[in-house]
Every structure is written in structure tokens, then in C-alpha cells.
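Have a look at it first, then read on.

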Amino acid sequence: MTAVFGIFLLTLLVITAVAIVRTRNLFVATMLMGIASLLIAANFFVLDAADVALTEAAVGAGISTVLFLSALALTSDEEKAGSSRRILSFLVVAAAALVVIYATFDKPKFGDPEAPVQAHVAPWYIEKTPEFIDIPNIVTAVLGSYRAYDTLGEVFVVFTAGIGVMFLLSYRRAGHTPTSRAPDPGLRHHLIPRVLGRFLIPFILLFGLYVQFHGEYGPGGGFQAGAIIAAAVILYALLEGEERALQVLSRRVLMGLVAGGAILYSAVGFAGLLLGGNFLDYSVLASDPVKGQQYGIILIEAGVGMTVTGVLLSIFHAFAAREQ
Amino acid sequence: MTGLDQHLPALQVAVPMVASAFVVLLNPKGLAWAATTAVSAMSFAIAIQLTMLVTAGTPLTYAMGSWPAPFGIALEVDSLSALLLLVITGASTIALIGARASIDAQIAADRQIYFYSAWLLAVAGLAGIVVSADAFNIFVFMEISSLASYVLIAGGPDRRALPAVFKYLIMGTIGATFYLIGVGLIYMMTGTLNLADMELRIAGVSDQRPILAAAGFITVGLALKAAVFPLHIWLPNAYTYAPHMVTAFLAACATKVSLYVLLRFDFFVFQQNLDGHTFQFAAYLMPLAILGILVGSAVAMFEGNLKRLLAFSSVAQIGYIMLGASLLSAAGLTAGIVHIFNHALAKGALFLALGAFALACTSLRFETIGGIARAMPWTFGAFVLAGLSLIGVPGTAGFISKWHLIGAAMELGPPGLALVAVILISSLMAVVYIWRIVEAACFGAAPADFPDVRVPPLLVTMIWVAAITNIVFGLVPDLPLELSRDAAASLLGHVK
């Protein structure tokens with residue numbers, strides 16, 4: 001059954017990908033990218049990778065579509081007829097695809113319990129997690145503790161992207177002063193979206209918090225929660241106007257979230273070091289090593305959530321400010 | 001090892017990384033520059049201490065979060081990593097100390113906190129790649145360093161940087177994606193991400209097709225990021241339109257870190273596990289290296305923009321490093337690796353000096369730099385000194401690497417003479433392009449309204465520090481040579 005669903009979803013994905021490449025209208029391409037992300041998320045879900053499915057759906061289909069639309073508002077909908085060498089690009093892509101297909105001839109069978117991936121590191125994680133960390137979601141244990149250093153790196157990738165966008169979009173030509181305009185009214189005068197949106201926002205926020213704090217037990221964690229909470233605030237900004245959203249969460253507060261989350265995560269790492277363990281060793285955070293691991297994971301997930309929320313909202317506001 | 005020393009591999013990355021988050025919270029009035037410079041200097045001190053530990057004894061390993069490898073992420077610092085760490089943190093520190101005036105002139109005050117934060121992220125990302133012993137962790141830090149470099153390069157007042165950086169971003173992303181596909185394929189066949197564990201487990205894989213494809217993807221992806229000819233087309237414009245101090249920093253170390261990963265992966269994981277890989281590695285890379293040396297130098301001879309001229313010279317220098325590696329001998333690898341260090345000294349000093357010229361000149365072209373030698377005699381003197389090192393004049397650092405490279409080529413017997421000829425021809429070409437700059441700077445007609453600009457003393461000092469290291473390591477090359485020899489022996493220890 002999994003195979004049938006998988007083939008169905010992947011076929012749709014290929015069709016969507018071809019459509020994205022072929023369309024000249026960037027608005028259409030953005031919408032199709034959202035659909036592609038949802039298809040990938042569904043495929044991850046079919047493969048029982050609920051954590052990544054949730055991330056892909058929240059970030060790929062949700063937030064990045066909104067950010068693409070904000071970018072499109074600054075430029076035109078239509079792709080310029082470019083001088084790009086399409087045949088060369090096609091050849092490079094085709095060659096890379098052929099090599100990947102060649103490589104798959106010898107790959108382990110789908111779902112093979114003897115596959116190297118299932119037989120080497122994974123059993124150790126499954127066997128040892130109850131003893132060392134004692135939380136039901138092993139994915140969270142791997143990402144939050146065993147490979148916490150990678151996750152710290154990913155938080156700083158998000159941080160770099162955020163400050164990069166703020167840096168580049170804050171560029172103004174010498175002598176150019178921004179003209180102040182009447183505040184954007186948003187969709188305030190449209191009754192139905194406003195009522196529905198206002199009804200939805202509290203539930204989205206609540207769901208975001210659930211995903212944040214339930215990551216040890218079910219799929220979820222800081223990345224997904226950050227994207228969901230940011231989506232709720234962006235929805236508010238779209239309904240009530242960007243100015244109102246900035247009154248709720250000002251740029252200073254957002255900057256505090258962006259840097260604060262990254263600093264909180266790093267601070268947990270340094271705390272492990274100061275208390276006599278290695279960097280990012282949570283066992284020393286409490287007298288009971290298992291409790292220490294759990295505290296560490298809760299703290300770093302909070303840091304991840306803060307930075308992701310702050311960066312996504314800062315990027316959104318940076319684009320919106322550029323429009324004025 | 002005492003308490004703090006054992007944590008140094010982690011601190012080398014964590015200190016600049018967490019500092020980058022603090023920098024964006026600073027009040028943007030000069031404090032950001034001071035904090036960034038101090039953190040960079042601290043990273044340099046850590047790198048020096050790590051180098052001393054490595055030269056004193058065994059390589060250092062570190063278990064992140066105290067989880068044993070391959071279940072957790074391991075860090076490892078050996079001679080090769082120590083050499084790269086010195087280059088990264090040293091180039092960053094020297095450029096930053098001298099950079100203040102140049103950055104103030106090129107980047108608006110209220111945007112500088114982001115700029116300095118991105119600078120520290122680039123340091124942390126590059127250092128993170130170099131200390132890591134885990135294939136996926138290398139990818140994560142590659143993302144940090146790449147994103148930060150795109151931001152830094154796009155930061156200057158020259159808007160032509162944007163299309164240049166967009167090209168770099170697309171190319172860099174393709175390179176990183178190829179690397180990730182390769183790592184994914186290896187993970188599929190071995191179930192591990194730790195490099196040492198990979199080496200052991202690949203030996204037991206009987207179905208080699210995925211591994212072969214992985215070797216291809218990883219080599220091409222990293223060559224793209226390292227700007228190995230003919231995958232260098234993103235580099236000249238990116239270096240030309242970047243803020244001057246960013247060029248000085250990144251030209252010294254960024255592509256070399258990708259070369260480092262390429263050497264690590266190829267020698268540690270693939271060489272002894274794939275049939276004929278040693279031969280293929282040499283047979284494919286040596287012609288590319290030779291072409292890179294000749295074409296890069298030739299284009300540099302006819303280039304009108306000084307920064308792009310030096311950028312094409314960098315393409316040739318990457319060729320020297322690859323040529324040394326493709327000889328697959330202890331002498332060749334030593335020469336290639338020591339050139340990573342020596343080229344950073346020469347090119348870093350040259351780009352710093354160009355940054356000083358730019359304070360007075362409207363643009364950095366041959367027509368506009370006339371008379372700069374008289375206006376900035378000290379800066380120009382250092383420029384000439386570093387130029388001599390780039391050419392490879394005896395007594396300079398550049399001579400040391402070329403001498404060892406020629407020695408390694410001679411080991412091949414008669415065919416080696418052709419390689420020696422290539423090295424000599426490209427050195428003569430370097431004489432031509434450096435002389436063209438000197439000629440224009442000394443004898444070119446000065447524009448009538450030549451501004452009377454004094455180079456900030458800190459910048460002149462740093463340019464001279466960079467230039468004098470070329471002499472110091474030309475006369476006493478023991479440290480880089482010792483590290484390179486050890487690194488070459490360690491790389492070759494993994495070849496059947």
C-alpha cells in the first residue's frame with residue numbers, strides 16, 4: 001500500500017516540477033512550489049517520517065510561499081525572456097539524474113531490515129534512548145541531543161539567513177529617503193476573511209505551542225513550532241496591516257528573539273562545559289543525568305523556536321518595509 | 001592535557017558563533033568592530049594553541065555532547081586542520097584590524113552590525129568545517145560559511161556585486177547539494193556519517209555503484225566550491241565586486257577550505273576503497289590543474305581591473321595546490337598543502353593593499369591608479385613585497401612552495417620536466433601581471449584631482465604585517481612545512 005501511495009505522490013511531484021520549470025508566470029510558479037512542498041510532505045508522511053513531514057508542510061508549503069509572494073510584490077509577475085542557455089542546463093540536470101539513477105541499481109531494497117542504515121547506528125539509538133534520555137520520540141533525542149551540534153549549526157544557518165536578508169534589504173542609495181505613506185489597511189475592510197482569520201489565529205498559536213512543547217512525545221519541536229507561530233503573526237499582519245503587527249511584536253523584540261534563541265542554545269552548550277561535561281553535554285545539567293538530558297532538550301528547543309519565529313517574521317517585515 | 005585545552009576544538013567554533021549573535025544586539029557605534037576584532041583575535045589565539053598541541057603530540061579529538069562517535073558528532077584536529085585554522089583565523093584577524101576605515105567608507109553605519117555578525121559567522125562556519133570529523137556536520141557548517149560569504153560579498157556599495165553573488169549562490173548551492181547527494185548515497189550504503197567509520201565500513205560494501213556515484217558527486221561538488229578550473233566562473237566577479245576587506249579575508253581562505261574537504265574525503269574515504277581511484281584522481285585532476293595554472297595566469301596578464309586580475313591569479317594558485325595533490329606523493333602533497341598557507345599570505349597582503357589604494361582611487365583599474373606609488377609609498381612597498389612572494393622570488397614564502405612543487409615534479413623523471421616547464425611559464429606570467437601593476441602605479445599619469453588621502457596607520461601596519469610574514473615564512477618555513485609534511489603523511493597513510 002505504501003508503494004502505491006508513494007508512486008502516486010511522486011508522479012504528481014514530477015508533473016508539478018515540470019510545470020514549475022515550464023511556466024513563465026512567477027506567481028503560478030510560487031503556487032506550484034507550495035503544492036510541490038505539500039506533495040513532498042505527504043510522501044514523508046507515507047514513509048512514517050512525521051517530524052520532517054511537519055517541517056516541510058509548515059516551512060515549504062506555508063511560510064516560504066508567503067515570503068515568495070512578498071518578494072514578488074517588489075518585482076514583476078512575469079519572468080523576463082532570458083538569454084539563459086536552457087540546453088546546457090538541461091544537459092547538466094540530465095547527466096546528474098542519470099548518475100543518481102545509476103547509483104540506485106545497487107541500493108538496498110525499500111524497507112529492508114538488513115539495510116546498513118537500519119543495522120548500524122539506528123539500533124543503538126533505539127536501544128539506548130530509554131536508558132539515557134527516556135523520551136518516547138527518538139527523532140527528538142537524535143536531533144536534540146545525540147546530534148545537537150548539527151541542530152545548533154542549523155539554528156545558526158537560519159540566523160545567518162535572517163541577518164543576511166535584513167542586511168541586504170536595508171541598503172538604500174545615498175540621498176534616498178523612504179517616503180512615508182498611509183499605513184497599509186490590510187484586509188480590515190473585508191468582513192469574511194477578517195472574521196475567519198481572527199477566529200483562526202488563537203488556534204494556530206495554541207497549536208504552535210503544542211508542537212513546541214510536545215516535541216519529546218510526538219512529532220514536532222522548535223523548527224516546526226517557530227514556523228507555525230510565525231504563520232499566525234503573518235496572518236494577523238495580512239488581516240490588520242503590517243503596522244499593527246509591528247505594534248504587537250516590534251523590530252527590537254524580533255531582534256531579541258532572533259539573537260536570543262541562538263544565544264540560549266549556545267548557552268546550554270557552554271553550561272555543559274562549565275559544569276564539567278563536554279560542549280552540549282546535558283547530562284551534567286541536573287543531578288540525575290536523564291533529567292539533565294530532558295531539561296537540555298526543552299531549553300534548546302525553546303531556543304530553536306525563538307530564533308525561527310524571529311527570523312521568519314523579520315524577513316517578512318523586511319520585505320514589507322521595502323514595499324513602502 | 002589540562003582542563004581548557006581539551007575543549008579547544010569546540011571553542012574554536014562555538015566562540016565566534018555565539019559572538020555573532022551578540023554582535024547584532026550591540027549599539028552600532030564602533031563597538032561592533034571592536035568586539036568582532038577581539039573575538040577574531042581570540043579565535044586566532046585558540047588556533048595557535050591548537051597548532052602547538054598538534055605539533056607537540058597526538059591529534060586532538062572531541063566528542064560533542066560526550067556521545068561517542070559514530071553515534072554522536074566527533075571533532076578532530078590534526079596537522080592539516082591546524083594549518084587551515086591558522087590561515088582562516090589569521091586572515092580574518094589581520095583584515096579586521098586594518099578594516100575599520102575601509103568598511104566605514106563602504107558600508108553605512110546602521111548596517112554594520114549585520115555585516116560584522118556575518119563576518120564572525122563566516123569565521124565560525126569555515127572553522128567548523130575544518131575541525132569536523134563528520135560528513136553531515138561538514139555540510140551544516142558549509143551552509144553557514146556559504147550563506148555568510150554571500151552576505152559579505154553582496155554588502156558593498158558596488159551594485160554589480162548582486163548579480164555576481166547570485167551566480168556564486170547558485171553555483172555554491174549546486175556544489176553543496178552535490179556534496180549532500182554524495183554523503184546521502186554513502187550513508188545509504190554504510191549507515192554512518194562519521195568519516196573514520198565510513199572509511200572502515202565502505203571497505204565491506206560489495207555493491208560499489210552507489211559509492212562510485214557518491215565519489216563523483218562529492219568530488220565535482222567540492223571542486224565547484226573550491227573554484228577548480230573550469231568550475232571557477234563564479235569566482236572572479238564575486239571577488240571583484242565584494243567589499244575590499246571581504247576580498248582580502250575570503251581570498252585567503254574560503255576556497256581552500258573546500259579543497260581541504262576534497263582532500264580529506266578523497267584520501268580518507270575513497271582512495272583505498274575504490275578500484276583505480278588513485279589513478280583516476282591523478283588522471284582527471286592533473287590536466288585540470290595545469291589548465292587552471294596556464295589559463296588563470298594568461299587571463300590575469302590581460303585583465304584591466306586589478307581585483308579581477310588577482311582573482312584570476314587565484315584560479316591559477318588553486319591549480320598549483322591541485323597539481324601538488326594530483327602527484328599523489330609525499331613531496332607533491334606537502335608542496336600543495338604548504339601552498340595553501342603561502343598563497344594565503346601573499347594574496348591576503350595584496351588584496352589588503354588594494355583596499356588601501358581604493359581609499360584614494362575612484363576605481364581599481366590601470367588607468368586610475370597612476371601615481372599611487374608616490375601617494376602611498378609605504379602601502380605600495382608592501383604590495384611589491386607580497387607581489388614578489390606571489391611570483392616566487394627566493395627569500396619569500398611563495399618560493400618555498402614552488403621549490404617543493406618543482407622538486408616533487410622532478411621525482412616523476414622526464415615527464416616531470418613538462419610540469420616544471422608549466423610552473424616556470426606561469427611564474428613568468430606572474431612577473432608580467434605584477435609588473436604591469438607596478439608600472440602603472442609608479443609611472444602612470446596621476447589624475448589631476450588626486451585626493452590627498454592618508455592610509456589609516458592601523459591598515460598600513462596590518463598590510464606590512466601581512467607582507468613581512470611572506471619574508472618570515474620564506475626564510476624560516478619550518479612551521480608550515482612541518483605541518484604540511486605531517487598532513488601529507490597522514491593523507492597518504494590512507495592510500496593502499
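## Where the chains meet

The contact takes in 46 residues of chain A and 51 residues of chain B. Keep in mind that this is a predicted model. On the chain A side, at least two residues each come from helix H4 (86–104), helix H5 (116–119), helix H7 (138–146), helix H8 (148–169) and helix H12 (251–274). H8(A) gives the largest share of that side, with 15 residues.

What's the make-up of the side of chain A that touches chain B? Its residues split into 29 nonpolar, 11 polar and 6 charged.

Over in chain B, take helix H16 (residues 397–410).

Among the buried ones are Phe399(B), Ile400(B), Lys402(B), His404(B) and Leu405(B). Their cover includes helices H12 (306–326), H13 (330–358), H15 (377–391), H17 (414–443) and H18 (457–475) of chain B.

## Two of the covering helices

How do H12(B) and H13(B) pack? Their axes sit 8 Å apart at an angle of about 170°. Angles over 145 degrees count as roughly antiparallel, so that's what this pair is.

Residues of H12(B) in this contact include Leu310(B), Tyr320(B) and Ile321(B), while H13(B) brings residues including His339(B), Ile340(B) and Phe351(B). The contact of H12(B) with H13(B) counts 12 nonpolar, 7 polar and 2 charged residues.

Notes. Residues numbered from 1 in each chain as written. Chains lettered and ligands numbered in written order. Predicted model: local features only at pLDDT ≥ 70, side-chain atom pairs only at ≥ 80, totals over all residues. Buried ≥ 20, exposed ≤ 12 C-beta atoms within 10 Å, placed from the backbone. Helix = DSSP H or I, 4+ residues; strand = E, 2+ residues; numbered from the N terminus. Contact = placed C-beta atoms within 7 Å. Axes fitted to C-alpha atoms, helices over the stretch in contact; angles between N-to-C directions. Parallel < 35°, antiparallel > 145°, perpendicular 65-115°, else oblique. Nonpolar A, V, L, I, M, F, W, Y, C, P; charged D, E, K, R; others polar.
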